[in-house]
Amino acid sequence: MNTRYYILFENYEQGLMLHDLLDGAGVMNRIAPAPAAARGTLCCGMSLLVAPDMIERAKEVIQSEHAVYHSIVSMENPLQPRRDQYC
Amino acid sequence: MSVEYGVGIDIGSTCAKTVVLDGNGDPVWQDLRPTGWSSVETAQAIRLELREKVKIGENVHFVATGYGRVSVPFADKTVTEISCHARGAAALFKTDHLNVIDIGGQDTKVIIIVNGAVSDFAMNDKCSAGTGRFLEVMANTLSVTPAGLCTMAEQGAETRISSLCTVFAESEVINLIGRGTPRENIAWAVVDSIAQKVKTQAGKMTLEAGPLYLTGGLCDFPFVCERLGKAFNREVRTAPEARFAGAFGAALYALAL
Amino acid sequence: MADYVKMWENLGMDLESHDMLCQVLPVAVGDVFMTQENRPKAMDFWDLVISEVHGIRPAELIEEQKKGRKVFGTFCVFVPDEVIIAANGIVTGLCGGSQFWVPGGEAVLPKNTCPLIKASVGARLGRTCPFFRIADVYVGETTCDGKKKAYEILGQDVPMYIMDVPQMKRPKDIVKWKEEIADFAQKVEEITGNKVSVEKLKEAIRIVNEKRKAMKRVYEARKSECLPISGRDALLMTQISFFDDPERCAQMCNRLADELEQRIKDGVSVVPAGTKRILLTGTPLAVPNWKLHNIIETSGAAVVCEEMCTGTRYFENLVDESGETLDDLYMALSERYMKNNCACFTPNPGRIEDIIRLAKEYKADGVIDCSLKFCGLYDIEKKSVAEALKKEGIPVLSLETDYEDSDAGQLRTRIEAFVEMLNG
């Protein structure tokens, strides 16, 4: 299984703040649209995509920096380069 | 340690073809079965049978091709059917310069091979006219099997379907039936329409001199060759093994891995 | 973020349908972009923009409208942004690149219309794209018959202004396009209430030229044997540049180019050495149309250049900034825009010259010439493109597709076979 973690936010300002903090701490992460399934009542927007080997360090940064976020969700195989489902 | 066997599996939309070559490149087993609804299960079944019948050990490479090539989990490599048909046909017909027409279940390809390598190819888009699928739809309308249609066509007289679109052509066929046109004549028109469509597909290509070689599921039918020959104004050659050209080419790729 | 829902509501959008669009976008973005290894860090900006594509920029546009500025929606690289910017207007691209909008377009257009037109009409009439709602006026142009007729339909729903693009490139056609630009300027002045002065127009020309130079820098980096950016990422940058503020766009492209140039120095490539390099030419790829790039780049090749409106045609050739009268400047604009080798011109030898030149500059191993279904202009030109490339010894694959996913398998077979052929 190819697990990926998505850190969700109330707004993109929060997201960008944590993005910079993670980058500063050398924790690999990328800005990605929040998956619809994980978003719930949050509306269309950004999330931070983190690989399993980085998620613990990401959580440490969140804690030590008191970073604001909405939730962290994990998804199985969310990324499939040859799925050919475009929009 | 050199490879003992090369296995090529060609999972087409209709049939799955398998060819096993030994280290000398000689065929030791070949198999043809319907692809069925699950390419993965068909591929697994082929592997099981291979283990039993050919007693292949670990020293073997698998190359998968055809539209279901990604559904062969144990394949060492996937190669497109265009490259495989080219390689298989070149080996089968023992020439390095040739034009190959492969009429498959849902795709028809015209492939030009120069010095043993693909130099140009054309393939139908989403439209299924000129493919095995077209033949199936028309055979269905005439209540015969695709093979039956091809045989029946030999007895037919010249009749034309003008439309190159499967859906429109089907209405034309229904019109012909309504007018009382003999089935044989309609079958003639269907086979001719496939030949015409393939000719159109190859229209912008510069073919190599010499004959056309037909591979794929329709190579057993002399009348298909005849109409193709007329459409292209060239000799059309084929062979019973040409149906396995894709799998044969894949097996050659497997040996070379 | 909840503010966006209110914003969309105020824009009169169909929230329920729009939500369906929001569901599919994350999957495609994930598959196409997030699966890539080693992407440039500076792509962060475009990742954010696409993640918030119906949020951040629309909100900015609405803020500017509150200050009295007007938003002009455009469909084509022939519309001179400079004139709009000179009158303190804002330009936004309005191109439909999603299958989501096609059925809406088919409700009022013949099915055998190109998907770009069907999607653009569907996006407006279906009320599911904020950009199509925000624009105060649409600026169309006569680059194909389908668009000409579709603009008549859009014109019943939204103010529409049409520029008449010449169909030939004789000296008198350049003069005619200059006059079209002058007429357009008058219309822009009327809509914005602001004068297009020599000073303002010169400044606008400078701003757009800077944007072109910045985009060109990114493309220059793609010429390197050490490929510092994927085609998918470069395409996203280009697609978004139609929607963004031109000065921020230039700044972000320059920031990306800085990183790419450093990557080349450090020998950082996004593909293994020897990966076959593809030049893509043909009809434009409006956001979020990433199908072809994704198939090519997951079939063992890399897209190194796009000879298309969403590519080199958008930034090649600068406008001469030296004119001192409006007439001089309009002529300079006309001369630059008329260098665009759209298939609407007859004859159109410039496009073939461009393709061959770019294939060499970008060290392409092969060319893929792809048109959208029912785009007769580009489809017919394929023959002369293929013949010219063959003469140059450059392999070419001609394709036709639309926005549906259903032909992806067949496209993969053709593209993989083409790559196998290039690999020999």
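This is a predicted model: local features need pLDDT of at least 70, side-chain atom pairs count only at pLDDT 80 or more; totals for chains, interfaces and linings use all residues.
Local features are reported only where pLDDT is at least 70 and side-chain atom pairs only at pLDDT 80 or more, whereas totals for chains, interfaces and linings use all residues. Residues are numbered from 1 along each chain as its sequence is written, and chains are lettered from A, with ligands numbered from 1, in the order in which they are written.

Two pairs of chains are in contact, and chains A and C share the most contacts; here two residues are in contact if their C-beta atoms, placed from the backbone, lie within 7 Å. Chains A and B do not touch, their nearest C-alpha atoms being 10 Å apart. The contact between chains B and C draws 14 residues from chain C and 14 residues from chain B. On the side of chain C, the elements giving two or more residues are helix H18 (376-391) and helix H19 (408-423). Of these, H19(C) gives the most, with eight residues. Helices (H or I, at least four residues) and strands (E, at least two) are DSSP runs, numbered from the N terminus. By residue class, this side of chain C has three nonpolar, five polar and six charged residues, where Ala, Val, Leu, Ile, Met, Phe, Trp, Tyr, Cys and Pro count as nonpolar, Asp, Glu, Lys and Arg as charged, and the others, Gly among them, as polar.

Turning to the fold of chain C, there are 19 helices and eight strands. The C-alpha trace spans about 60 × 50 × 45 Å along its principal axes. Of the 424 residues, 57% count as buried, that is, with 20 or more other C-beta atoms within 10 Å of their own, C-beta atoms being placed from the backbone. Among contacts between residues at least 6 apart in sequence, 75% join residues at least 24 apart.

In chain B, five strands form an open sheet of mixed pairing, in the order E3-E2-E1-E4-E5; two strands pair if DSSP finds at least two bridges between them. Strands E3 (27-34) and E5 (77-78) of chain B stand at the edges with a single partner strand each, so one side of each lacks a neighbour in the sheet. Strand E2 (residues 15-22) of chain B pairs with E3(B) in the antiparallel sense over seven bridges, and Cys15(B) has Pro34(B) in E3(B) as its bridge partner.

Conventions. A residue is buried if 20 or more other C-beta atoms lie within 10 Å of its own, exposed if 12 or fewer, and partly exposed in between; C-beta atoms are placed from the backbone.
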